[in-house]
Amino acid sequence: MRILSLLMPSQLLMFLSFLFLIISALLAQTTVWFGLLGWLPCPNLWIPLFVYLMLNREKKPRILWFMGIYLLLLTCTVASAMSTFLSLVLTYYIIHFLQSRFSTLSIFDLVLLSSVANVTFPLTYALMLWMTSLPFSFDWLGHFLSLLLSLTIIPALLMLCRRIDRTFNPNNSFDDLVLEL
Amino acid sequence: MQFFRLDFQKVFSIAAFFAVCGVIYTLQQAAEPSALPIAPTFLTAALQPSYNKAADMIGTTTRQYLDLLSLKEKMLQTQIENQTLKAQLLVMEEVRSENTRLKEIFKLHEAHPQFEFVVAKVTAKDLFTDHYSLTISKGSEDGIEKLSGVITGDGVVGYVVDVQDHSARLLLVTDRLISIDSTIQRTRGRGIISGQSKSESLLKFIDRPQDMAAGDVVVTSDDQRMFPIGYPVGNIVRVQVSPFGVGHTAIVKPSVDPKKLDEVIVLKAKK
């Protein structure tokens, strides 16, 4: 790690770490889970990462991460680009609105917001699908199982994100807001 | 007087020597049944059967124990052999299953010579729960193109919507974004297949409700080059008559269960 930090600035290393984490989450969800458990609904591993980056980054990096995650999502689905974009925007505004209600942002709050995002994203996306003229069916059971499974993994993922942030950027101003459990 | 002066040490030594010899002789004689009639033989004779039984028991138990040890070792060896044979059997089953699949593909190839077949392995599913697409292990390097039809021996799976060098994404027949020109085999009524949920599709835009009934087989239409003509898509489960008198629909159960897909066949039109 030290050798790497000498070769590359910490910001770049942090960016690459989060990028790797997001790609790994997407591939774990689509490929590894599918290979091991088939069509059993899988936890949305990318949503906690999205929530963390949206709430712990300055405005410009936040927009870049938003677009980055959006484009990465599109590589793993046949979903409509516009519907996905609108769902992400709506989810972002919902979690941002809820976050503004909290005076501090602890890991517990992040877990709560990630859980909310896990509910709002599929619902907003379903709303987008419903608004089109194509046949629509919402897999309630699948989404519910996915949410339950997500709840088990969200804290670990958020801790990992925080660990990466602390490792590469100990002076992150947003990091001070995040309290220990 | 000097004559009677004896060296008692020597005398006792000689006496002791003869005594020992005598005892040895006596003992040797005692080995014979009637050597020493006063010996308490009845005591040993009474106890002997018990000791004999005990000796037998000890011997038997020891042998059984040794046999058990040997058996345990043999059992372990047998278990290992059993596991190996089971593993080999599984491999053989897999080979047999692959052989069956390849035979089906060969038959299909003979039946539809206008297509080249590319067999691909399913590697990933869609990220979103509401969409039904799969990623396969073959791409443009293997000659797969966008809108290539994808089938199995049982029926239509879907078609390719995105191609990379070594992978491709295919839209399943259950996805809401798919559209396949189809015909009802019995009545030749035509419609468009579109996905509805994870296990059902919709046959839309049927002109007349009398053209369709539950149980009818839906096949690919004659007027397209994506799939072989008349290839099974699914069976009608339920008919939904439109209140406006046009554009009737039917719920179709696809011939291929996407959950059981390991390999698919991508169709390439021969040039």
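In the predicted model, helix 2 (residues 10-37) of chain A packs against helix 3 (residues 46-55) of chain A at an angle of about 155 degrees, and the two axes lie 9 Å apart. Because an angle over 145 degrees counts as roughly antiparallel, helix 2 of chain A and helix 3 of chain A are described as roughly antiparallel to each other. Helix 2 of chain A contributes A:Phe18, A:Leu21, A:Ile22, A:Ala25, A:Leu26 and A:Gln29 to this contact, while helix 3 of chain A contributes A:Trp46, A:Leu49 and A:Leu53. By residue class, the contact of helix 2 with helix 3 of chain A comprises 8 nonpolar residues and 1 polar residue, with no charged residue.

In soluble globular proteins, nonpolar side chains tend to be buried together. In the present model, the largest nonpolar core contains 79 residues, of which A:Val51, B:Val157 and B:Leu170 touch the most other members. Helix 3 of chain A supplies the largest share of this core, namely 9 residues. When neighbours within four places in sequence are left aside, B:Val157 is in contact with B:Val150, B:Ile151, B:Thr152, B:Leu170, B:Leu172, B:Val173, B:Val256, B:Leu261 and B:Val264.

Chain B contains 2 helices and 12 strands. Read from the N terminus, its elements run α-α-β-β-β-β-β-β-β-β-β-β-β-β. The radius of gyration of chain B is 46 Å, well over the 18 Å that the globule rule gives for 271 residues, so chain B is more spread out than a compact globule. Along the principal axes, the C-alpha atoms of chain B fill a box of roughly 160 × 45 × 35 Å. Of the 271 residues in chain B, 29% are buried. Among contacts in chain B between residues at least 6 apart in sequence, 54% join residues at least 24 apart.

The contact between the two chains takes 25 residues from chain A and 23 residues from chain B. On the side of chain B that touches chain A, the elements giving two or more residues are strand 1 (115-125), strand 5 (168-172) and strand 7 (190-197) of chain B. Strand 7 of chain B gives the most to this side, with 4 residues. The residues of chain B on this side divide into 7 nonpolar, 8 polar and 8 charged.

How values were computed:
Residues are numbered from 1 along each chain as its sequence is written. Chains are lettered from A and ligands numbered from 1 in the order in which they are written. This is a predicted model: local features need pLDDT of at least 70, side-chain atom pairs count only at pLDDT 80 or more; totals for chains, interfaces and linings use all residues. Two residues are in contact if their C-beta atoms, placed from the backbone, lie within 7 Å. Ala, Val, Leu, Ile, Met, Phe, Trp, Tyr, Cys and Pro count as nonpolar, Asp, Glu, Lys and Arg as charged, and the others, Gly among them, as polar. Axes are lines fitted to C-alpha atoms, for helices over the stretch in contact, and angles run from 0 to 180 degrees between N-to-C directions. Angles under 35 degrees count as roughly parallel, over 145 as roughly antiparallel, 65 to 115 as roughly perpendicular and the rest as oblique. A nonpolar core is a set of buried Ala, Val, Leu, Ile, Met, Phe, Trp, Tyr and Cys residues joined through C-beta atoms within 7 Å. A residue is buried if 20 or more other C-beta atoms lie within 10 Å of its own, exposed if 12 or fewer, and partly exposed in between; C-beta atoms are placed from the backbone. The radius of gyration is taken over C-alpha atoms; the globule rule is 2.2 Å times the number of residues to the power 0.38.
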